[in-house]
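Trainee: I'm new to this one, could you walk me through the structure?
Mentor: Gladly, let us look at it together and start with the terms we need.

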Amino acid sequence: MESIVKEEEGYTLSSPLFEDLWSRAPMRRKFSDRDMVGGWVRAEVALARAQAELGLIPEDAAKAIAEAGRTHAFDMVAMRHGVTATLHQLMPFINQLRDACPGDAGQYLHWGATTQDIIDTGAMLRSKEAIAMIVEGLESLESALAALCEREAETVMAGRTHGQQALPITFGFKVANWLSEVRRNIDRLKAMSERVFVVSIVGAVGTSAYMGPKGLEVARKVAADLGLGWDPVSWQAARDRLGEMLSTMILTGSSLGRIGHELAVLQKTELSEVHEPHGPEQVGSSTMPQKRNPSIAEGVLSAGLMLRAQAGLAMELMATEHERDDSRWQIDSRIVPEVFLLLDGQIGNLTYLVEGLEVDRERMRANIVDEIAGEPMMRALASFLGRHNAHDVLHECFMTAHEKRIPILDALSANEAVSAHLNREQLRSLMDPASYLGVAVEVARNEARRAR
């Protein structure tokens, strides 16, 4: 098929200059016009085949339609002009495929179907295949995170709440959190498949009236032929299937964006605990040669933001009217490809980042402040003073150290309620972050093992 996109045209996601930053070539091909038309052909051929089996159209006509669909080279430029002239998405395609059929076989093409049947069924074929690509990408990300989780299971770092150091954890424990979330998103995407990917062969208002009493059986056969699900109730106006697919993908992209954000934060100069891969030709700044920016992590975050921005539109496309309504249906052709392209590109970028992530274990340990030992000190002192009294005494010591700019060890040693029960060496021992990790190492290793 001849390309109808000029080299200098296209917005960011389809721009030859920038498209590789946001999406990957296999998914772009999946959402190309060529693949879309291929889905329409598969739907029309399956429809003709089912109708021939049930005696609704001649068997020879169904075979001729299938052969024309297999061999005809669609004129994409003519189809584009036809769409513009007719203001109809499918008629130029139907006309070309009809004319490619020998004799009067083309008269049996699109027998009893409506435009939305073919476009929706083709879209479901494409989306089911594209979701399989998304899941495959997430499983590769899961493997990369599992390897990182295992490798860094014992790497001590500061756990942070409200942006402040709270208690010691390990980097593997942090990664286990990401890994578990990715796994849940894989499960969600797989679980929705049976509900979502369903044929639409129901005619103008969903009654299959043109096909008479055999309408339901036609749709069932088309579904079996195409490997899609089937529902006797029309979903032309009930777009919750698309809503579920899009919202699940947007949820997935949002959670990946969170990981990208955290990886960007950990690369800040003041922390510098991890570094993303930096290619030999990569440039951080056009004017500051020292810069090594978290470009990949920021891109993962940005994709998550753009995906979340589509959530309202994804819900809006469900607000159709009566038995069919073109006002919301037209949204599908824009939002569905964009969500797939953004999510797939985000997965690829995050996987690359994780696989090549440089972890600065020494910096992670050095960044830990003495104040992180507050809870273990409280636990030790609680056996003498009681839990709440110990909290109050230690809070006073930490605030004193902060206000007077003195080491916390000095403030603690100077406090009579503390020094009466814990000497300086005992306090120093409690400050060892590796001594207060709880189940962090166990959780990291267990999560890594689950992904194998």
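Mentor: Helices (H or I, at least four residues) and strands (E, at least two) are DSSP runs, numbered from the N terminus. This is a predicted model, in which local features need pLDDT of at least 70 and side-chain atom pairs count only at pLDDT 80 or more, while totals for chains, interfaces and linings use all residues. Residues are numbered from 1 along each chain as its sequence is written, and side-chain values use heavy atoms, with hydrogens and water left out.

Trainee: OK, how many helices and strands does the protein have?
Mentor: The protein has 21 helices and four strands.

Trainee: And what does the C-alpha trace span along its principal axes?
Mentor: The span is about 100 × 50 × 40 Å. The radius of gyration of the protein is 30 Å, whereas a compact globule of 452 residues would have one near 22 Å; the radius is taken over C-alpha atoms, and the globule rule is 2.2 Å times the number of residues to the power 0.38.

Trainee: What percentage of the residues is buried?
Mentor: Buried residues make up 48% of the 452 residues, where buried means under 20% relative accessible area, exposed over 50%, and partly exposed in between (1.4 Å probe, protein chains only).

Trainee: Switching topic, at what angle do helix 3 and helix 4 pack?
Mentor: Helix 3 (residues 33-53) and helix 4 (residues 59-71) pack at about 165 degrees, and their axes are 8 Å apart; axes are lines fitted to C-alpha atoms, for helices over the stretch in contact, and angles run from 0 to 180 degrees between N-to-C directions.

Trainee: So how are they oriented to each other?
Mentor: Helix 3 and helix 4 are roughly antiparallel, because angles over 145 degrees count that way, while those under 35 count as roughly parallel, 65 to 115 as roughly perpendicular and the rest as oblique.

Trainee: Which residues meet there?
Mentor: On the helix 3 side they include Val-41, Val-45 and Arg-49, and on the helix 4 side Glu-59, Ile-65 and Gly-69 are among them.

Trainee: Now Ser-254, is that buried or exposed?
Mentor: Ser-254, which lies in helix 11 (residues 240-266), counts as buried because its relative accessibility is 17%. Leaving aside neighbours within four places in sequence, Ser-254 is in contact (heavy atoms within 4.5 Å) with Gly-304 and Arg-308.

Trainee: And where does Gln-330 lie?
Mentor: Gln-330 lies in helix 14 (residues 326-355), and at 47% relative accessibility Gln-330 counts as partly exposed.
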